[in-house]
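Trainee: Can we go through this one together? I'd like to start with the overall picture and then look at some helices.

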Amino acid sequence: MSKLSRKIKNLYDTAPKVETAVLVTLIRQQQSDQEIEEHLEELAFLAETLGVKTLYRFTQRMEKPDIRTFVGKGKLEEIQAYVEHFGVDMVIFDDDLSPSQMRNLENELKVKIYDRSLLILDIFLKRAQTAQAKTQVELARFQYLLPRLTRMWTHLERQRGGTGTRGGAGEKEIETDKRDIRNKITLLKEKLREIEKQGVTQRKGRKGVVRVALVGYTNVGKSTLMNLITKTDILAENKLFATVDSTVRKVVLDNVPFLLSDTVGFIRKLPTHLIESFKSTLDEIREADLLVHVVDISHHAFEDHIAVVSQTLREIKAGDKPVLLVFNKIDQVQQMPTEEESMHISEHELQETRYLDFKALSDAYEKKNGIKPVFMAAGTGENVDGFRDALIAEVKKQHRKIYPHYLEDEVVDWKGKSEE
């Protein structure tokens with residue numbers, strides 16, 4: 001063996017191992033195939049955001065989950081055979097699992113079990129940057145894990161399951177871990193109270209200024225829009241929950257100042273613990289004068305996303321605020337052709353292409369909200385001026401409520417001369 005060969009033989013692969021997973025969801029009677037596919041795509045996207053590669057998707061048609069193992073006995077055996085054959089690291093469920101279900105599944109499958117809430121919590125933990133966001137997510141995760149702690153969650157690390165990792169962590173160690181978690185929860189709550197006091201003080205200092213909050217489903221382009229308006233460089237990626245920390249910037253348009261905040265994106269089945277822990281961050285939404293609801297119109301389920309966001313706003317007591325609806329990413333959809341344009345399109349293309357009627361959408365949502373929606377593409381800059389005009393108009397309405405005698409059309413220069 002040559003010297004080079006011996007050196008190569010002694011080299012170790014230091015690249016981080018990409019964890020693998022299979023996805024599991026139940027199909028209820030009223031759900032369509034398209035809806036199931038969308039939910040699984042979203043779950044796979046969540047796994048990808050955490051750095052986990054999806055190998056396979058399991059579905060089972062059941063009206064309600066099995067009380068012991070969530071899925072039926074036959075499906076569980078099928079999942080177990082696949083996991084063992086391909087050496088899968090974890091199994092991810094699209095619903096929340098009870099503590100007993102999680103323990104039973106870990107005992108049966110011998111790998112790490114994730115449910116939807118835990119997956120989202122870990123993504124938030126990975127994405128959080130500020131001390132407040134980190135504290136909020138850690139608190140939510142510990143509260144969620146406490147009743148679910150098993151030997152496979154020893155030391156609260158994501159590690160590969162299997163018979164080799166399950167030994168040695170007895171019940172005494174689990175009880176010690178539970179006691180440690182309770183102590184950490186107490187400390188995190190105290191830390192969060194101190195941080196929230198500072199947040200209340202900061203928000204008090206913003207009184208007298210119109211406050212606008214960007215809201216919407218995750219990955220709809222809120223951060224891209226924020227960067228466009230404020231000329232800043234907030235992280236904007238094609239990933240779920242690219243932004244976890246709330247960002248506030250001062251903006252002046254047409255001599256009217258206002259504060260614009262980019263908030264965490266909402267998602268279907270957002271964990272309750274997370275909503276409770278993010279109280280102070282969500283206060284940016286609760287205390288806003290105007291909400292700019294950004295929608296990814298290119299997503300085929302955008303109307304469902306609007307419903308999820310609207311429902312979440314009601315749950316956090318922010319459902320009664322004025323809303324400017326912004327249909328983003330119009331560059332990725334086909335607008336309904338006019339009668340004249342239709343004459344030059346084949347019948348097959350008309351049937352196969354998914355067209356959207358912008359006018360019908362605009363009329364429907366204007367009638368519902370009282371504010372005409374905006375159609376734009378923040379990524380390409382299409383109709384930015386239309387969005388800017390709509391935003392200024394709505395901000396001025398709120399500004400007049402604070403300063404009813406504000407001269408919005410007259411500016412006095414430093415010489416004391418008035419300009420129209």
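Mentor: A definition to begin with: buried means under 20% relative accessible area, exposed over 50%, and partly exposed in between, with a 1.4 Å probe and protein chains only. This is a predicted model, where local features need pLDDT of at least 70, side-chain atom pairs count only at pLDDT 80 or more, and totals for chains, interfaces and linings use all residues. Residues are numbered from 1 along each chain as its sequence is written, and side-chain values use heavy atoms, with hydrogens and water left out.

Trainee: OK, what percentage of the protein chain is buried?

Mentor: Of the 420 residues in the protein chain, 49% are buried.

Trainee: And how many helices and strands?

Mentor: The protein chain has 16 helices and 14 strands. Both are DSSP runs numbered from the N terminus: helices are H or I with at least four residues, strands are E with at least two.

Trainee: What share of the contacts comes from residues 24 or more positions apart?

Mentor: Counting contacts with a separation of 6 or more, 70% are between residues 24 or more positions apart. Contact here means heavy atoms within 4.5 Å.

Trainee: Now the helix packing. How do α2 and α5 cross?

Mentor: Helix α2 (residues 33-49) and helix α5 (residues 116-127) have axes that come within 9 Å and cross at roughly 35 degrees. The axes are lines fitted to C-alpha atoms, for helices over the stretch in contact, and angles run from 0 to 180 degrees between N-to-C directions. The crossing of α2 past α5 is left-handed, meaning that the near helix is turned anticlockwise from the far one by less than a right angle; clockwise would be right-handed.

Trainee: Which residues meet there?

Mentor: From α2, Glu 42, Leu 43, Leu 46, Ala 47 and Thr 49 meet Arg 116, Leu 119, Ile 120, Ile 123, Lys 126 and Arg 127 of α5. By class, that contact of α2 with α5 has six nonpolar, one polar and four charged residues. Ala, Val, Leu, Ile, Met, Phe, Trp, Tyr, Cys and Pro count as nonpolar, Asp, Glu, Lys and Arg as charged, and the others, Gly among them, as polar.

Trainee: What about α5 against α6?

Mentor: α5 and α6 pack at about 155 degrees, with axes 9 Å apart. That makes α5 roughly antiparallel to α6, the term for angles over 145 degrees; under 35 is roughly parallel, 65 to 115 roughly perpendicular and the rest oblique. On the α5 side the contact includes Leu 118, Leu 121 and Phe 124, and on the α6 side it includes Val 137, Ala 140 and Tyr 144. By class, the contact of α5 with α6 has eight nonpolar, one polar and three charged residues.

Trainee: How many residues of α6 are buried?

Mentor: Eleven of the 15 residues in α6 are buried, among them Gln 136, Arg 141 and Gln 143.

Trainee: Different topic. Where is Gln 398, and is it buried or exposed?

Mentor: Gln 398 lies in helix α16 (residues 384-402), and at 8% relative accessibility Gln 398 counts as buried. Leaving aside neighbours within four places in sequence, Gln 398 is in contact with Val 210, Asp 289, Leu 290 and Pro 322.

Trainee: Last one: what is the phi of Asn 255?

Mentor: Asn 255 has a positive phi of about 65 degrees, although it is not a glycine. Most residues other than glycine have a negative phi. Asn 255 sits in the loop between β6 (247-253) and β7 (256-262), and is partly exposed at 46% relative accessibility.
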